[in-house]
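Subject: Structure handover

Hello,

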Amino acid sequence: MRGRPRVAIVTGGSSGIGLEVGRRLVTAGYDVVLTARTASRLEAAATEIGARSSAADSADPDQFRTVVEAAGRVDLLVHAGGIMEGTFVRKEALDTFERVLRTNLTSAFVAASTALPAMAPGGRMVFLSSSSAHSPQAGRSAYSASKAGLNAFALALAAEVERDGIAVHVLTTGPVATPMLDDVRFPMRTLGVAEVADAVVWLDALPGNVVLPEVR
């Protein structure tokens, strides 16, 4: 990378897609700050790939503010944190529904709104979504709703900050082979975390004036 390294914050950085994105960015010369809720797992992951770490709940503004302060400035925000919980609506507990929306959607708002003051022209945000945003799953109403909301939020944000020279992308994938799918018992074709991470690195290599709201 030319000049000073780009500073990236990656949520969900202790495992899965977030960890692999962090690994690829470190290899590409970025200064990476991984964040996730469990400090011990996060610190081990950061040490493994040569990144910094700052434990936080991404849906908590006060906690996420400490992540942004640790980064100093933010050139790239990759929001990869999320959960896939819940069941059929007739069996769903309100607490579960609200927890999924908080983890997958509220966290996107908190991360973006907190990072924006530290992001200059040339900055970029990438939100990891799911095909469930477009093809909702029966039995996954909370997850499907959270991802559809995430896509709508990111597209609205993209229109808001384009004038500031900041790019926003949604990366919508099919199933990805991560621990999130451990409880899925039927066969399916999955992407690897490396393929998704490569797409994130490619997105941040695009010129700042390229408008690419969603990649599927």
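**What was found**

Ser-130 lies in strand β5, residues 124-130. Strands here are DSSP runs of E with at least two residues, helices are runs of H or I with at least four, and both are numbered from the N terminus. This is a predicted model, in which local features need pLDDT of at least 70 and side-chain atom pairs count only at pLDDT 80 or more, while totals for chains, interfaces and linings use all residues. Residues are numbered from 1 along each chain as its sequence is written, and side-chain values use heavy atoms, with hydrogens and water left out.

Ser-130 is buried, at 7% relative accessible area. Buried means under 20%, exposed over 50%, and partly exposed in between (1.4 Å probe, protein chains only). Leaving aside neighbours within four places in sequence, Ser-130 contacts Tyr-143, Lys-147, Thr-172 and Thr-173. Contact means heavy atoms within 4.5 Å.

Next, the cores. The largest nonpolar core has 27 residues. Such a core is a set of buried Ala, Val, Leu, Ile, Met, Phe, Trp, Tyr and Cys residues joined through side-chain atoms within 4.5 Å. Val-21, Leu-25, Leu-34 and Leu-128 have the most contacts inside the largest core. Elements giving it two or more residues are β1 (7-11), α1, β2 (31-35), α2, β4 (76-79), β5 and α6 (193-204). Leu-25 touches Ala-8, Val-10, Tyr-30, Val-32, Leu-76 and Val-201, not counting residues up to four places away in sequence. Apart from this core lies another, of 26 residues, among them Val-33, Val-68, Ala-158 and Val-161.

Now the helix pair. Helices α1 (residues 16-27) and α2 (residues 39-49) pack at about 30°, with axes 9 Å apart. That makes α1 roughly parallel to α2, a label for angles under 35 degrees. Axes are lines fitted to C-alpha atoms, for helices over the stretch in contact, and angles run from 0 to 180 degrees between N-to-C directions. From α1, Leu-19, Gly-22, Arg-23 and Val-26 meet Ala-45, Glu-48 and Ile-49 of α2.

Last, a loop residue. Ala-55 is found between β3 (52-53) and α3 (61-71). Ala-55 is partly exposed, at 36% relative accessibility. Not counting residues up to four places away in sequence, Ala-55 touches Thr-35, Ala-36, Arg-37, Ala-39 and Leu-42. Ala-55 and Gly-192 are 137 residues apart in sequence and 25 Å apart in space, C-alpha to C-alpha.

Best wishes

Terms used
Parallel < 35°, antiparallel > 145°, perpendicular 65-115°, else oblique.
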